[in-house]
Amino acid sequence: MIKLAHGITTLNMFVFEIAKWVVYLIAGLMIFEVITQSFISIEISWAAELARLLFGPFFLFGGPYLLHMGGHVAVDIVSSKASGKWKIALAAIGIILAFIFGAILLWFSIPLALDSYTYGETSYSGWNPIIWPMKATLPVAAALLIPQSIAELLFLGEKFALKSGESF
């Protein structure tokens with residue numbers, strides 16, 4: 001099971017490594033828009049809209065690997081004072097909450113993405129791009145978060161077993 005957990009984490013690390021480069025594309029689009037508006041006096045509405053559309057997948061695809069790295073913002077007032085089994089229990093609760101969040105996101109985002117695709121939903125802006133590919137990233141990201149949550153529980157169980165001297 002631990003090998004499977006490592007495989008899931010490796011997949012999410014790969015997705016994260018690709019997604020992290022999107023921030024440079026977003027920054028480039030924003031710089032391009034500022035330059036065209038400020039210096040050339042040309043309105044480029046698609047650049048800002050594309051940057052906004054790309055930010056969602058950038059944010060979502062980083063989530064599962066950040067769960068593994070502990071890179072999320074956390075309020076650790078209680079867990080920083082806990083030790084031993086209590087600290088592990090609090091970590092497990094956090095991971096279970098991430099699992100529940102992923103399951104709810106998956107449940108509600110699949111119909112949202114399918115409807116967007118079926119109706120050929122667009123942004124209704126001047127540029128008017130189709131937006132179903134961006135909405136489709138919601139269930140994909142949730143489908144990556146759920147197994148990563150399970151993997152994190154396995155890692156936590158292994159860590160607990162090693163501390164207590166038991167085999168897992």
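Author: Ring pairs join F32, W46 and W127 into a cluster. The model is a predicted one.

Reader: How should I read a ring pair?

Author: Two numbers describe a pair of aromatic rings: the distance of the centres and the angle of the planes. In this structure the count comes to seven aromatic pairs. One of them is F16 with Y65, a tilted pair with 5.3 Å centre to centre and 35° between the planes.

Reader: Which parts of the chain does the pair of F16 and Y65 link?

Author: Distant ones. F16 sits in helix α1 (residues 2–19) and Y65 in helix α3, 49 residues apart.

Reader: Is Y65 buried or exposed?

Author: Y65 is buried, because its relative accessible area is 12% and the cut-off for buried is under 20%.

Reader: What is the relative accessibility of W46, and what is the relative accessible area of W127?

Author: W46 has 32% and counts as partly exposed. W127 has 35% and is partly exposed.

Reader: Now charges. What is the general idea?

Author: Side chains of opposite charge can pair when their charged atoms come close. Searching the whole structure gives two salt bridges.

Reader: Which residue forms a salt bridge with E17?

Author: K20 does, with the closest N and O atoms 2.9 Å apart. E17 is partly exposed at 32% relative accessibility. K20 is partly exposed at 31%.

Reader: Which side chain does K135 meet in a salt bridge?

Author: The side chain of E121, at 2.9 Å from N to O. K135 lies in helix α5 and E121 in the loop between α4 (84–118) and α5, so this bridge ties together parts 14 residues apart in sequence.

Reader: Let us turn to helices. What is the basic geometry?

Author: An α-helix has 3.6 residues a turn, so residues three or four places apart point the same way. Take α3, residues 45–69. Helix α3 has 25 residues and reaches 37 Å from its first C-alpha to its last, close to the 36 Å expected at 1.5 Å a residue.

Reader: Where does the kink in α3 lie?

Author: At G63, shortly before the proline P64. The kink is about 40°. Just after α3, G70 takes a positive phi of about 70°.

Reader: Now a single site. Is S149 buried or exposed?

Author: S149 is buried, because its relative accessibility is 0%. S149 lies in helix α5 (residues 132–164). Leaving aside neighbours within four places in sequence, S149 is in contact with L67, I95, A98 and F99.

Reader: Finally, the whole chain. What does its secondary structure come to?

Author: Five helices and zero strands. From the N terminus on, the order is α-α-α-α-α. The radius of gyration is 20 Å, well over the 15 Å that the globule rule gives for 168 residues, so the chain is more spread out than a compact globule.

Reader: What box do the C-alpha atoms fill?

Author: Roughly 65 × 40 × 30 Å, along the principal axes. Buried residues make up 32% of the 168 residues. Among contacts with a separation of 6 or more, 70% are between residues 24 or more positions apart.

Key. Residues are numbered from 1 along each chain as its sequence is written. This is a predicted model: local features need pLDDT of at least 70, side-chain atom pairs count only at pLDDT 80 or more; totals for chains, interfaces and linings use all residues. Side-chain values use heavy atoms; hydrogens and water are left out. Helices (H or I, at least four residues) and strands (E, at least two) are DSSP runs, numbered from the N terminus. Buried means under 20% relative accessible area, exposed over 50%, partly exposed in between (1.4 Å probe, protein chains only). Contact means heavy atoms within 4.5 Å. A salt bridge is a side-chain nitrogen of Lys or Arg within 4 Å of a carboxyl oxygen of Asp or Glu. The expected span of a helix is 1.5 Å times one less than its number of residues. The bend at a residue is the angle between axes fitted to the seven residues ending there and the seven starting there. Rings of Phe, Tyr and Trp (its six-membered ring) pair if their centres lie within 6.5 Å; planes under 30 degrees apart count as stacked, over 60 as edge-to-face and the rest as tilted. The radius of gyration is taken over C-alpha atoms; the globule rule is 2.2 Å times the number of residues to the power 0.38.
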